[in-house]
Amino acid sequence: MRETLLAVDGNSLMHRAFHALPLMDTNGIYTNAVHGFLSMLLKAVQDLSPRYIAVAFDLPVPTFRHTAYADYKAGRRAMPEEMRPQFPLIKEILGDMKLGVLTAEGYEADDILGTLSRLCRENNLDCVLLTGDKDALQLVGDGTKVLFTRKGITESTLFDAAGVKEYFGVTPEQVTDWKGLMGDTSDNIPGVPGVGEKTAVKLLNEYGSLENVLAHGGDIKGKLGEKVRDNAELAQFSKELATIRPTAPIEFNLNAFDASHMAEGLPTLRKYQLNGIAGRIEK
């Protein structure tokens with residue numbers, strides 16, 4: 001039986017936790033996002049028993065996607081002030097738990113997850129990606145699954161390739177084609193104007209890939225065909241923006257990802273009065 005690495009999208013979990021839970025503070029230090037993050041992490045640990053854990057975070061600097069497209073992620077609301085200081089706090093706690101904390105300048109957490117997925121495959125490990133970002137679904141297959149967060153901090157679904165196709169209507173290999181057609185409002189990726197999720201799925205089920213959709217643009221009738229033909233370059237560009245690059249410059253040190261030392265973070269958890277989380281780790 002192969003060992004498993006749990007690769008966590010730190011930004012995705014922190015945002016989900018912050019908005020799912022009411023504000024909590026310890027002596028003026030907000031901890032609701034940290035509490036929710038750790039709750040989701042411990043549930044995944046309990047369900048999956050990973051040997052290794054690594055958590056990826058974005059850096060507050062532009063990435064190669066911003067360089068290619070100045071409006072990438074434009075229009076997002078500013079991070080709430082109560083959330084901002086919780087990022088160094090979760091990194092402190094994860095560090096004291098002796099779990100891997102990874103960043104890479106110019107790359108997003110998604111790209112780090114993709115890189116970890118590739119490195120696991122090359123090192124004969126299974127990989128589970130814990131995230132609420134649909135972009136990660138393109139990585140499913142060859143020993144990689146996605147544990148997709150859903151409602152609040154308690155519900156999640158483990159997707160293999162068949163599950164992705166059954167639930168979303170596209171294969172993991174078609175996820176970037178899907179994004180190229182419908183875009184992504186959360187990242188301000190344009191896609192083809194007027195093409196939504198269901199229409200994108202329908203086109204891909206008929207033609208197989210974005211490139212094939214564009215090649216048959218003349219066969220698609222009515223306004224839809226006109227939109228596809230008029231926005232072919234935009235669709236291709238959107239697909240490129242949505243494609244994860246598994247080449248982030250990270251150090252793949254399994255000793256630094258060993259999940260067996262989490263209890264070393266108990267004093268830090270108690271310092272911030274995260275006693276419920278501490279109790280779960282002790283058990």
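How many cavities of 30 Å³ or more does the count come to? The count comes to two. Here a cavity is a set of points, on a 1 Å grid over the protein atoms alone, where a 1.4 Å probe fits but cannot get out, and its lining residues have an atom within 4 Å of a point. Grid points are joined across faces, edges and corners, and a volume is the space filled by probe spheres set on the points.

Before we look inside, a word on the model. It is a predicted one, in which local features need pLDDT of at least 70 and side-chain atom pairs count only at pLDDT 80 or more, while totals for chains, interfaces and linings use all residues. Residues are numbered from 1 along each chain as its sequence is written, and side-chain values use heavy atoms, with hydrogens and water left out.

Let us start with the sheet. Six strands form an open sheet in the order β5-β4-β1-β6-β7-β8, with mixed pairing. At the edges stand β5 (100-102) and β8 (156-159), each with a single partner strand, so one side of each is left without a neighbour in the sheet. On average, neighbouring strands of this sheet are turned by 20 degrees against each other, direction ignored. Strands (E, at least two residues) and helices (H or I, at least four) are DSSP runs, numbered from the N terminus, and two strands pair if DSSP finds at least two bridges between them. Strands of a sheet pair through backbone hydrogen bonds, either parallel or antiparallel.

Now walk across the sheet. Strand β4 (residues 52-56) is joined to β5 by three bridges, and the two run parallel; Ala-56 has Leu-102 in β5 as its bridge partner. Helix α1 (residues 10-20) touches β1 (4-9), β4, β6 (126-131) and β7, and its direction makes about 60 degrees with that of β1. Helix α5 (residues 109-122) touches β1, β4, β5, β6 and β7, at about 170 degrees to the direction of β1. Such angles run from 0 to 180 degrees between N-to-C directions, with axes being lines fitted to C-alpha atoms, for helices over the stretch in contact.

Next come β1 and β6, which pair in the parallel sense over five bridges; Val-8 has Leu-130 in β6 as its bridge partner. Strand β6 also pairs with β7, again parallel and over five bridges, and Leu-129 stands opposite Val-146 in β7. Five of the six residues of β6 are buried, where buried means under 20% relative accessible area, exposed over 50%, and partly exposed in between (1.4 Å probe, protein chains only). In β7, five of the six residues are buried, so this strand is largely enclosed by the rest of the structure.

Four bridges join β7 to β8 in an antiparallel way. These two strands form a hairpin with six residues between them, and Gly-152 in the turn has a positive phi of about 55 degrees.

Finally, back to the cavities. The largest has a volume of about 80 Å³, and α2 (32-48) and β7 (144-149) each supply at least two residues of its lining. Helix α2 gives the most, with four residues. Among the lining residues of the largest cavity are Met-40, Leu-130 and Leu-147. The second largest cavity holds about 40 Å³ of space, and its lining includes Arg-65, Tyr-72 and Asp-187.

Conventions: On a 1 Å grid over the protein atoms alone, a cavity is a set of points where a 1.4 Å probe fits but cannot get out, and a pocket is an open set with protein on both sides within 12 Å along at least five of seven lines; lining residues have an atom within 4 Å of a point. Contact means heavy atoms within 4.5 Å.
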